[in-house]
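Here is a short note for a colleague opening this structure for the first time. The points are numbered so that they can be checked one by one.

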Amino acid sequence: MPRSLDDLIWPRRTERLTVGRLTPEDADVLWELKGDLELNRWTTRVYASREEFRADWDALVATHLLAHWDGRLAAYLMVKHQDAWSQADVAEHARGQQVELGWVVAPWAQGCGIATELVRAGLSIAFDMGVHRVEAGCFAENTGSWKVMEKVGMRRESHTVRDCLHRDGQWHDGYGYAMLAEERRQPV
């Protein structure tokens, strides 16, 4: 049976990052990243106000991790635990067998491999939860994200044509990536 984020030991450490769960004290610093329209130009949601952000706090706590580097918030990581698709008669075996990853790196920490380090940590966290599959997607124009996914060994499984409506009002292409538990590469 897959485990949840609550079942894992926190914080997690990588070469440079300390990755941990959200606490109420993190709200202001996370708001700085989540409320930045330009920084979140490729994410699913940008919060229009602190009130909207705070109203969604419980959902964020359930799915988001923070990554600190030298004591500063360097990034956030979404680890969304979900059911894999299945036929109805085997649905109980697909429960909790998949994780979707998403991330944003603070402007000051961009360009130095933090996203790659964070996504590797996200894969490790997801597979430590016992899931079968980890997925991530991006707009095709989000070169930084798809390069990170390829660098960590995720496989591009789809290139969809103008199926992603962006807040710019335009339809964009999308890429879907995944890795199975048996494909996991351990960091060197």
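1. The model is predicted. Within it, phenylalanine 53 and tryptophan 57 are both buried. For phenylalanine 53 the relative accessible area is 1%. The ring centres of phenylalanine 53 and tryptophan 57 lie 5.9 Å apart with the planes at 70°, so this pair is edge-to-face.

2. Aromatic pairs number 6 in this model. One of them is formed by tryptophan 31 and phenylalanine 53, a tilted pair with 5.6 Å from centre to centre and 55° between the planes. Because tryptophan 31 belongs to helix H1 and phenylalanine 53 to helix H2, the pair ties together parts that are 22 residues apart in sequence. Tryptophan 31 counts as buried, at 15% relative accessibility. Which residues make up the aromatic cluster? Trp31, Tyr47, Phe53 and Trp57 form one such cluster.

3. The loop between helix H1 (27–34) and helix H2 (50–55) contains serine 49. Serine 49 is partly exposed, its relative accessible area being 24%.

4. What is the order of its strands? The sheet is open and has 8 strands in the order E1-E2-E3-E4-E5-E6-E8-E7, and the pairing is mixed. E1 and E7 are at the edges and have a single partner strand each, so one side of each is left without a neighbour in the sheet. Strand E2 (residues 17–21) pairs with E3 in the antiparallel sense, over 5 bridges. Arginine 21 has leucine 65 in E3 as its bridge partner.

5. Two helices can be described by how they pack on this sheet. H1 touches E3 and E4, and its direction makes about 85° with that of E4. Helix H6 (residues 143–151) touches strand E5 (98–105), strand E6 (133–139), E7 and strand E8 (171–180). The direction of H6 makes about 155° with that of E6.

6. Is leucine 65 buried or exposed? Leucine 65, placed in strand E3, counts as buried at 1% relative accessibility. Leaving aside residues up to four places away in sequence, leucine 65 touches Leu5, Trp10, Val19, Gly20, Arg21, Ala75, Tyr76, Leu77, Val79 and Ile125. One of these, tyrosine 76, is 11 residues from leucine 65 along the chain, and their C-alpha atoms are separated by 5.7 Å.

7. Helix H5 (residues 114–128) has 15 residues. From its first C-alpha to its last, H5 reaches 21 Å, close to the 21 Å expected at 1.5 Å a residue. Of the 15 residues of H5, 12 are buried, so the helix is largely enclosed by the rest of the structure. Among the buried residues of H5 are Ile114, Glu117, Leu118, Ile125 and Phe127. After H5 comes glycine 130, with a positive phi near 90°.

8. Some backbone values deserve a look. Most residues other than glycine have a negative phi, and most peptide bonds are trans. Tryptophan 10 and proline 11 are joined by a cis peptide bond, with omega about -5°. Proline 11 is in the segment before strand E1 (12–13).

9. Where is aspartate 70 placed? Aspartate 70 is in the loop between strand E3 (64–69) and strand E4 (72–82). Its phi is positive, near 50°, in a residue other than glycine. Aspartate 70 is exposed, with 70% relative accessible area. Arginine 162 is not a glycine either, and has a positive phi of about 40°. Arginine 162 is found in strand E7 (residues 155–165) and counts as exposed at 58% relative accessibility.

10. Finally, two arginines lie over ring faces. Arginine 16 is over the face of tryptophan 69, at 5.1 Å from the ring centre. Arginine 72 is over the face of tryptophan 108, at 3.9 Å from the ring centre.

Note on methods: Residues numbered from 1 in each chain as written. Predicted model: local features only at pLDDT ≥ 70, side-chain atom pairs only at ≥ 80, totals over all residues. Heavy atoms only, no water. Helix = DSSP H or I, 4+ residues; strand = E, 2+ residues; numbered from the N terminus. Buried < 20%, exposed > 50% of the residue type's maximum accessible area, 1.4 Å probe, protein only. Phe/Tyr/Trp six-rings, centres within 6.5 Å; stacked < 30°, edge-to-face > 60°. Lys NZ or Arg CZ within 6 Å of the ring centre and 35° of its normal. Contact = heavy atoms within 4.5 Å. Pairing = 2+ DSSP bridges. Axes fitted to C-alpha atoms, helices over the stretch in contact; angles between N-to-C directions. Expected span 1.5 Å × (residues − 1).
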